[in-house]
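Work through the exercises below with the sequence and the 3D view open. Try each task before you read its solution.

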Amino acid sequence: VQLQASGGGLVQAGGSLTLSCEAAGSFSYINVKGWYRQAPGKERELVAIFTGDESTNYADSVKGRFTISRNNDKKTVYLQMNSLKSEDTGVYYCNARAAVSLIAQPTDWWGQGTQVTVSS
């Protein structure tokens with residue numbers, strides 16, 4: 001399972017970016033759930049994830065500014081980030097639950113991360 005994240009970059013405070021993450025490879029089950037981020041010197045934290053088919057969970061710090069969405073096949077997830085702040089800077093990782101065969105139990109998978117830098 002490969003999770004290919006893209007869309008990061010350098011943006012001024014108040015700007016917008018859209019991240020995308022697409023699952024590729026061989027799997028019998030896939031559910032790309034959402035996004036986490038890690039700022040320098042800090043632990044990885046939840047940004048936004050799907051907790052069900054439609055239900056979502058956002059970090060308080062991004063509510064009203066970020067919107068998560070995904071394709072119906074649950075293989076691609078997006079994160080629309082508006083009104084970006086310097087504290088949004090970090091490496092953004094996408095997360096998925098996937099099973100590599102019909103007899104394997106689903107496990108967590110992580111993308112390689114995409115850097116988001118917000119200049120103030």
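A salt bridge is a side-chain nitrogen of Lys or Arg within 4 Å of a carboxyl oxygen of Asp or Glu. This is a predicted model: local features need pLDDT of at least 70, side-chain atom pairs count only at pLDDT 80 or more, and totals for chains, interfaces and linings use all residues. Residues are numbered from 1 along each chain as its sequence is written, and side-chain values use heavy atoms, with hydrogens and water left out.

**Exercise 1. Which residue forms a salt bridge with Asp88, and how far apart are the closest N and O atoms?**

Solution. 
- Step 1. Find the partner. Asp88 pairs with Arg65, and their closest N and O atoms are 2.8 Å apart.
- Step 2. Asp88 is in the loop between strand 8 and strand 9, Arg65 in the loop between strand 6 and strand 7, so the bridge ties together parts 23 residues apart in sequence. Strands (E, at least two residues) and helices (H or I, at least four) are DSSP runs, numbered from the N terminus.
- Step 3. Check exposure. Buried means under 20% relative accessible area, exposed over 50%, partly exposed in between (1.4 Å probe, protein chains only). Asp88 has 0% and is buried. Arg65, at 10%, also counts as buried.

**Exercise 2. Locate the disulfide and give its handedness.**

Solution. 
- Step 1. Apply the cut-off: a pair of cysteine sulfur atoms within 2.5 Å. The count is 1.
- Step 2. Cys21 is joined to Cys94, S to S 2.0 Å.
- Step 3. The S-S torsion is about 50 degrees, so the disulfide is right-handed.
- Step 4. Cys21 belongs to strand 3 and Cys94 to strand 9, 73 residues apart.
- Step 5. Cys21 is buried at 1%, and Cys94 is buried at 0%.

**Exercise 3. Which residues touch the most other members of the largest nonpolar core?**

Solution. 
- Step 1. Define the set: buried Ala, Val, Leu, Ile, Met, Phe, Trp, Tyr and Cys residues joined through side-chain atoms within 4.5 Å.
- Step 2. The core has 29 residues; Trp35, Leu79, Met81 and Tyr92 touch the most other members.
- Step 3. Elements that give two or more residues include strand 3 (17-24), strand 4 (29-38), strand 8 (76-81) and strand 9 (90-99).
- Step 4. Look around Leu79. Beyond four places in sequence, its contacts (heavy atoms within 4.5 Å) include Leu19, Trp35, Val47, Phe66, Ile68 and Tyr92.
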